[in-house]
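Here are a few exercises to work through with the model open beside you. Try each one yourself before reading its solution.

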Amino acid sequence: MGKRSNAGTPPPEDCFERLVVELEKLPGVGRRSAERMAYYLLGVSRDEALALARSIRDVKENLHPCAECGDLTEAERCALCRDPGRDASLLCVVEWPREVRALEKSGEYHGRYHVLMGRLSPLSGIEPEDLRLGALWERIRRGGVRELILATSPTVEGDATAAYIVGQVRRIAPDVRVTRLARGLPVGGDLEYADEVTLSRALEGRQRM
Ligand code: ZN
């Protein structure tokens, strides 16, 4: 593949350019890195390049929310929900599936999860009914939950989401202990960016709400 001139908008039939444009949409990837990746993909074997294409298609087609916790899984219920070794009396509420992964990496937590798929944000029109809250109340009503650990992000919206949940839980199950991850997490940051040690400490130092 020869060097193309940068004059004007690239013609849509140029599949190399289309690949660069798609790669450039990935987080943290600029035009230059996108071009480097595209040339790399041109250079590898057909099998290797198509393995990437296939895995992208697989996650889009085969991953769906776990019927129980909402984390992404290929099965009806995820491996964590099926694992009898996990403490079902502990329920950790997170905003996104990626936070389940971050907490699992800390190796400190042995309970179950509940993924909200977001946080309350009145300004962006995200209301309680847009989150997986109904499923959470149902799990609590079913009984067996001793402690609910609110691991929503340490942001204004994450705090508001936690406050809303506490209010509801006090009403439907006053005996359930509700805790919030300790501070020490990067303020305004997402859980996934916290390192494992920080996350372990935040879990250990969780406070009653
Ligand atoms: Zn699950």
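**Exercise 1.** Work out which geometry the site of the zinc ion has in this predicted model.

*Solution.* Start with the donors: Cys66, Cys69, Cys78 and Cys81 coordinate the zinc ion, each through its SG atom, at 2.3 Å. Next, check the angles among these 4 donor atoms, which run from 105 to 117°. Four donors count as tetrahedral if all angles lie between 85 and 135 degrees, so the site of the zinc ion is tetrahedral. For reference, the ideal angle for four tetrahedral donors is 109.5 degrees. Finally, look along the chain: the zinc donors are spaced as C-x2-C-x8-C-x2-C.

**Exercise 2.** Describe how helix α1 packs on helix α2.

*Solution.* Two packed helices are described by the angle between their axes and the distance between the axes, so let's get both. Helix α1 covers residues 15-24 and helix α2 covers residues 31-43; their axes are 8 Å apart, at an angle of about 130°. That angle makes α1 oblique to α2. As for handedness, the crossing of α1 past α2 is right-handed. Now find the residues that touch: α1 brings Phe16, Glu17, Leu19, Val20, Leu23 and Glu24, and among their partners in α2 are Ala34, Met37, Tyr39 and Leu42. Sorted by class, the contact has 10 nonpolar and 4 charged residues, with no polar ones.

**Exercise 3.** Find how α5 is oriented relative to α8, and which residues meet.

*Solution.* Helix α5 (residues 97-106) and helix α8 (residues 196-204) have axes that come within 8 Å and cross at roughly 90°. This makes α5 roughly perpendicular to α8. On the α5 side, you'll spot Ala102, Leu103, Lys105 and Ser106; they meet Glu196, Leu199, Ser200 and Leu203 of α8. The class count for this contact is 4 nonpolar, 2 polar and 2 charged residues.

Note on methods
Residues numbered from 1 in each chain as written. Predicted model: local features only at pLDDT ≥ 70, side-chain atom pairs only at ≥ 80, totals over all residues. Heavy atoms only, no water. Axes fitted to C-alpha atoms, helices over the stretch in contact; angles between N-to-C directions. Helix = DSSP H or I, 4+ residues; strand = E, 2+ residues; numbered from the N terminus. Parallel < 35°, antiparallel > 145°, perpendicular 65-115°, else oblique. Left-handed = near helix turned anticlockwise from the far one by under 90°. Contact = heavy atoms within 4.5 Å. Nonpolar A, V, L, I, M, F, W, Y, C, P; charged D, E, K, R; others polar. Donors = N, O, S within 2.8 Å, 3.2 Å for Na, K, Ca; no water. Tetrahedral: all angles 85-135°; square planar, octahedral: opposite > 155°, others 65-115°.
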